Amino acid sequence: MPTITFEDYKKAIKAKYEEEKNGEYSNNLNSPTSANLRNLCVKRFDANSNKDDLIAFKSFFDFPFDKDKKNQFGEDELNKLEAVKRFLLGKTENPAEDTIQLVSNIGRSSAKTF
């Protein structure tokens, strides 16, 4: 059985993003600005109770997701989302693991992941 590497995982997430950027969340993904990615995080995590996804959110932002405290996304959080944006646009070759995990988790729904 072949071993899936972190590089394989990144490529799979990026390929799924390319498929999904013109789909249901195209207004957030087709032009992945920090603000659009923030809005997508709020949409996706608001409807998500998966423990692993919520851990990835907390790991990336250093605070737990709370749908009643959406205004916690300040300038620091928007700056952190720049790493996500750079990865999605292919402008970084070595994103941090928590960046990849967040991208994977904001793309997750009941039937698909990017």
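Predicted model: local features only at pLDDT ≥ 70, side-chain atom pairs only at ≥ 80, totals over all residues.

Residues are numbered from 1 along each chain as its sequence is written, and side-chain values use heavy atoms, with hydrogens and water left out.

**Whole chain**

Begin with a cartoon view, where the secondary structure comes to six helices and zero strands, and the order from the N terminus is α-α-α-α-α-α. Helices here are DSSP runs of H or I with at least four residues, strands are runs of E with at least two, and both are numbered from the N terminus.

Next, display the C-alpha atoms, which fill a box of roughly 45 × 30 × 25 Å along the principal axes. The radius of gyration of the chain is 13 Å, which agrees with the value near 13 Å that a compact globule of 114 residues would have; the radius is taken over C-alpha atoms, and the globule rule is 2.2 Å times the number of residues to the power 0.38.

If you colour by burial, what share of the 114 residues is buried? Buried residues make up 39% of them, where buried means under 20% relative accessible area, exposed over 50%, and partly exposed in between, with a 1.4 Å probe and protein chains only. Among contacts (heavy atoms within 4.5 Å) between residues at least 6 apart in sequence, 57% join residues at least 24 apart.

**Charged side chains**

Now select the charged side chains, of which there are 19 positive and 19 negative, the centres of the two sets lying 3 Å apart. Lys and Arg count as positive and Asp and Glu as negative, while His and the chain ends are not counted; each charge is placed at NZ of Lys, CZ of Arg, CG of Asp or CD of Glu.

A search of the whole structure finds six salt bridges, each being a side-chain nitrogen of Lys or Arg within 4 Å of a carboxyl oxygen of Asp or Glu. Select Lys16 and Glu19, whose side chains meet in one of these at 3.5 Å, N to O; both residues lie in helix α1 (residues 6-20), three residues apart, about one turn of the helix. Glu19 is exposed, with a relative accessible area of 57%.

Move on to Glu18 and Lys21, which form a salt bridge at 3.0 Å, N to O. Glu18 is partly exposed at 38% relative accessibility, and Lys21 is also partly exposed, at 21%.

**The loop between α4 and α5**

Select Asp62 and Lys80, whose side chains meet in a salt bridge at 2.9 Å, N to O. Asp62 lies in the loop between α4 (51-61) and α5 (75-88) and Lys80 in helix α5, so the pair ties together parts that are 18 residues apart in sequence. Asp62 is exposed, with a relative accessible area of 58%, whereas Lys80 is partly exposed at 26%.

Stay on Asp62 and check its backbone, where phi is positive, about 70°, although the residue is not a glycine. Most residues other than glycine have a negative phi.

**A buried threonine**

Finally, select Thr99 in helix α6 (residues 97-106). Is Thr99 buried or exposed? Its relative accessibility is 4%, so Thr99 counts as buried. Leaving aside neighbours within four places in sequence, Thr99 is in contact with Phe60, Ala83 and Val84.
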